[in-house]
Amino acid sequence: MELPEPQLLHTVTDSVATVVVHHPAKRNAMTAAMWRALPPLLDTLAADPDVRALVLTGAGGTFCAGADISTLRQTPAEAQGLAVAAEEALAAFPKPTLAAIRGHCVGGGSQLAAACDLRFAEEGALFGVTPAKLGIVYAASSTRRLVSLVGPAAAKYLLFSGELIDAERALRTGLVDEVLPGDELAERVGEFTRILVSRSQLTQAAAKEFANGRTDRDAHWAGQAQGSSDTAEGVAAFLERRQPRFTWSVPGRG
């Protein structure tokens, strides 16, 4: 049976949530309804104690070709606001996130990928940040996130030109973390997420905040570490040559 479209699909398997951008008729372009649906979906997955990592990907052979302009009946500022709200919700997800990228990752798709903690791409993937083609002022928060990934010069190249770059160049600039042959991407993502879910959520959550620039939570995380058994368990497991059983988990949002 053919799936209805467009929509965001999600599953949770072995502690990994997978969110799929599903709009194959338009290369997985995000409709206004899809932009609106992403933040509450992420809230639900963040609150699920069974979820320890999240993968964002696109249906079929494309990640996301941006926004579906035909569905955006708001002003350009309002339409951009939907994309930025979704991007910020993804960036704020409290557990590790990984974008698995095939095909085109362009416009709003690049915003979503940049908001993930990590990006793995298949050979042949193409990346572009294209507001200059539409006369749109790229959001300040999105620009700063792009600069933090690739540096000012590469960000200016992407933003000024709107040109697409291949996966190898994206890897060199820091836009992606790994490039895999197409038939190896799914296996590598599965392998790496299994590593992520086996590690301490306490370490990951604190590291994510620090790496994202939080400067007001040192005492909070020191207290969390002191009240957690994760360090003792990690040391004991190392000495006993066994896999650790970490118990600290990200608090649910209430």
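Among contacts in the chain between residues at least 6 apart in sequence, what percentage join residues at least 24 apart? And are the residues of strand E3 buried or exposed?

Guide: This is a predicted model, in which local features need pLDDT of at least 70 and side-chain atom pairs count only at pLDDT 80 or more, while totals for chains, interfaces and linings use all residues. Residues are numbered from 1 along each chain as its sequence is written, and side-chain values use heavy atoms, with hydrogens and water left out.

To the first question: of the contacts (heavy atoms within 4.5 Å) between residues at least 6 apart in sequence, 68% join residues at least 24 apart. The chain holds 10 helices and nine strands; helices (H or I, at least four residues) and strands (E, at least two) are DSSP runs numbered from the N terminus. The radius of gyration, taken over C-alpha atoms, is compared with a globule rule of 2.2 Å times the number of residues to the power 0.38. For 254 residues a compact globule would have a value near 18 Å, and the 19 Å of the chain agrees with this. Along the principal axes, the C-alpha atoms fill a box of roughly 55 × 45 × 40 Å. Buried residues account for 46% of the 254 residues, where buried means under 20% relative accessible area, exposed over 50%, and partly exposed in between (1.4 Å probe, protein chains only).

To the second question: all six of the six residues of E3 (residues 53-58) are buried, so this strand is largely enclosed by the rest of the structure. In a regular strand the side chains alternate between the two faces of the sheet. Both faces of E3 are covered, with Ala53, Val55 and Thr57 buried on one side and Leu54, Leu56 and Gly58 buried on the other.

The neighbours of E3 come next. Two strands pair if DSSP finds at least two bridges between them. E3 pairs with strand E2 (residues 16-22) in the parallel sense over six bridges, and in this pairing alanine 53 of E3 is the bridge partner of valine 16. Between E2 and E3 the chain passes through helix H1 (residues 32-47), and this β-α-β crossover is right-handed; that is, with the strands pointing away from the viewer, the path from the first strand over the helix to the second runs clockwise. E3 also pairs with strand E4 (residues 97-101), again in the parallel sense, over four bridges. Here threonine 57 stands opposite alanine 100 in E4.

E4 is joined to strand E6 by four bridges, and the two run parallel; isoleucine 101 stands opposite alanine 121 in E6. Strand E6 (residues 118-122) is mostly covered, with four of its five residues buried. E6 is in turn joined by three bridges to strand E9 (residues 178-180), which runs parallel to E6, and glutamate 122 stands opposite leucine 180 in E9.

A separate description applies to three other strands, which form an open sheet in the order E5-E7-E8 with mixed pairing. Strand E5 (104-106) and strand E8 (165-166) stand at the edges, each with a single partner strand, so one side of each has no neighbour in the sheet.
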